[in-house]
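Open the model in your viewer and keep the selection tool at hand. Each stop below says what to select and what is there.

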Amino acid sequence: MALGTTSAALRPHRRSRGAHAVALMLSLLEPAPAAADNPGRATARREDRAPRLFPRPRSVHKRPETVRLPAAVTVVRGASTDAGALAVVEEVLHDAGVRAVGRSDDHAPVRDRFVVHVGGHQENGATADVLSALGVQGAETMAAEGYVLAVGAGRDGRRHIVLSGADPTGTYYAAQTLRRLVRGPKLRGTVIRDWPSLSRRGVVDVSRSSPWSHQRRLADLAWLGGHKVNAYYYAPADAPCRGPEGRSPFPPGELARIAELVGHARAHHVEFGYVLSPGRPGDCALGELTAKAAALRNIGVHSFVVAFDDLGGGRRDGAVGTEPRAMAHAQARLANALSAGCTGHPGAAPVQIAPTAYEGPGQDAYMRRLAQELDPDIAVLWSAGSAVSASRSGRATAREVFGRRVLVRDWDPAGGTPGGLSLGPYAGHGPGLAEEALGLVTVPPPRAPRIALSGFADYAWNDGDYDPERSWSAALDELTGGDEAATDALRAFADIHRTGGTTVRQGGELAAVVSEFRRSGHTAPLRKALRAVHEAPAVLRDRLRDPAFLADTGPWLDAAEACGEAALAALESTTARSTHSHAAAGEPHPSPVPLVEPARSFTEPGSHAAVPVECGPVLAEFVAAALEMTSFRPVPGGTGTEARRPRPGRTGETRPLADGGA
């Protein structure tokens, strides 16, 4: 941010003095070209920005008929129909107003005029005939986890809803799509054909800066399954296989807690993976590692990651030490042995490895030795050390080195900024990732992760039709339950927190309004946007029915309210000084200075030191620029008060928000 402009350069032209002065003040801010290209985005209509179906299906075909759910509905299922899908369907029917939901076997005759069929060809013997009556092709030839969801009137004279998966997981995903499709008893005839882009779509629970409770993990596993995320990596910082702790048995009760998580994940079609961190060679012996894996396997864990990526003390270069080939050899030997021990066990998934280094000194020798010695069945988690990991060329290099497609991992999506909050749209990796990678794994923000995870789930399911802003809008609408006032407030609050490594940080709506204001000098749209930020926390606390989100974001809500008030005062102060309206009325100029310190007083919970929370770069820079303009002090021999550039940091009164975090 360039704050070196002299006071002479800030004098407005005589023509339209107020408009030009505030526009010149905002010229101090860095430009936001992506936002300026589309200033109308801030006023997009709700129906354009909140698609109902997401993750976004591959194909949605509307039929001409409309059907209405009766008071009583029969659900037909087979002996092996997925229980989770059946439970979701019955819940959806009850929520839509159906008073009585009966069940019938797939081999029993059903005379009802409205029938719901749950289960694909592997689960329900009646589904194929019903789809034929609707003129709809089934899911038999689809890839794993694909499904067909059909609503309409059949040639048999009946009304049908059919959920047919290529496998039980596909049927479960069809039920999740039905949940978003049904908004009442009246349904438009629809045929949805859908399948995932990436076969593995995973989330890593590192639980370092804000440990999640056991109950929260259970709730999040259900949420992940509902958004078609099929892998969960349990990697708590306090349970590594490293040092003395790694040689000890699991603490009392720990295996029971993990077993409950495993069962809950399975019920929601999420594969539970346990991350083992052996440390450097010699820190954790092979026997100790395999004993841990065996204990976990006994409670249903069949997916393991051997993580060597935490050996650099947070550095991605130089972590392999002075003998990279020796380290690669030791790591490959351990991973291969674990893989061999898992082979043959029912349900065992391929072992995955997170290497120590991706770039920097020793990288080439280390990676090539690891690739030479690693079992070909072991999958590689690849991260290249950047926020949105591995460019296309980097992924191609990894595939060439390892001789296999890799699992791409998003690196540090929370951005690593103390006091930061990441609520912006998930950036994604562009279309076609599925052609280059086995899957995509992300580390969610430690607080309020579901907005970012919604975008991740949307992208990983259908990368070819992913739009970050559209997906973000849908996530906000889902979080508020469709409450318009709460959605608008959440949008204003989340928009100022477009921070973090995997977040689209350009093109924010407040940035667009600021850019347009900087161009035209019109104050009304900016005043409205700043007021929305200031009022958003109170609206969210009153209307949002998500205690976890409110608890996670509490200090940031406080800061947004205070920063919004300071920004409004800054706007009014600059306008008043430019037009001399208050001076003419004999009133003192309004000043944002007294509001700055309260805005900087809120701190990040759980931090060892008092870390001020941020209220977003756009808002902070706006107030900082305003303080440059409005820091008026008595000038000896002057005609009253004149503008003088303050010395940020010399006094608490004039220190910009951008210098202190809030």
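How many salt bridges does the count come to? The count comes to 25 salt bridges. This is a predicted model, and residues are numbered from 1 along the chain. Side chains of opposite charge can pair when their charged atoms come close.

**Stop 1: Arg450 and Asp220**

Select Arg450 and Asp220. These two form a salt bridge, and their closest N and O atoms are 2.8 Å apart. The pair links distant parts of the chain: Arg450 belongs to helix α14 (residues 450–461), Asp220 to helix α7 (residues 214–226), and 230 residues separate them. Asp220 has 12%, which falls under the 20% limit, so Asp220 counts as buried.

**Stop 2: Arg447 and Glu604**

Now select Arg447 and Glu604. Their side chains meet in a salt bridge of 3.0 Å, N to O. Arg447 sits in the loop between β15 (437–442) and α14, and Glu604 in the loop between α21 (593–599) and α22 (617–630); the pair therefore ties together parts that are 157 residues apart in sequence. Arg447 and Glu604 are both buried.

**Stop 3: Glu469 and Arg498**

Select Glu469 and Arg498 next. Here too there is a salt bridge, with the closest N and O atoms 3.0 Å apart. Glu469 is in helix α15 (residues 468–479), while Arg498 is in the loop between α16 (484–495) and α17 (509–520), so the pair ties together parts that are 29 residues apart in sequence. Glu469 counts as buried because its relative accessibility is 11%. Arg498 counts as buried as well, at 5% relative accessibility.

Which residues do salt bridges with shared partners join into one network? They are Arg216, Asp220, Arg450 and Asp552. Select these four together to see the network.

**Stop 4: strand β15**

Five of the six residues of β15 are buried, and the strand is mostly covered. Which strands pair with β15? One of them is β8 (residues 200–205), which pairs with β15 in the parallel sense over four bridges. To find this pairing, select Val203, which stands opposite Thr442 in β15. Strand β14 (residues 406–409) also runs parallel to β15, and four bridges join them. On that side, select Leu407 and its bridge partner in β15, Gly439.

**Stop 5: strand β7**

Select β7, residues 186–194. Seven of its nine residues are buried, so β7 is largely enclosed by the rest of the structure. Strand β1 (residues 59–68) pairs with β7 in the antiparallel sense over seven bridges. Select Val60 here; its bridge partner in β7 is Ile192. Strand β5 (residues 147–153) is antiparallel to β7 too, with five bridges. Val148 stands opposite Arg193 in β7.

**Stop 6: a positive patch**

Select Arg52, Lys62, Arg183 and Arg188, which form a positive surface patch. Where is Arg183? Arg183 is in the loop between α6 (168–181) and β7. Is Arg183 buried or exposed? Its relative accessible area is 53%, so Arg183 counts as exposed.

Key
Predicted model: local features only at pLDDT ≥ 70, side-chain atom pairs only at ≥ 80, totals over all residues. Heavy atoms only, no water. Patch = residues over 30% accessible without salt bridge, like charges linked within 9 Å, V, L, I, M, F, W, Y side chains within 5 Å. Areas by Shrake-Rupley, 256 points an atom, 1.4 Å probe, with all protein chains shown as cover. Lys, Arg positive; Asp, Glu negative; His and termini not counted. Charge placed at Lys NZ, Arg CZ, Asp CG, Glu CD. Helix = DSSP H or I, 4+ residues; strand = E, 2+ residues; numbered from the N terminus. Buried < 20%, exposed > 50% of the residue type's maximum accessible area, 1.4 Å probe, protein only. Pairing = 2+ DSSP bridges.
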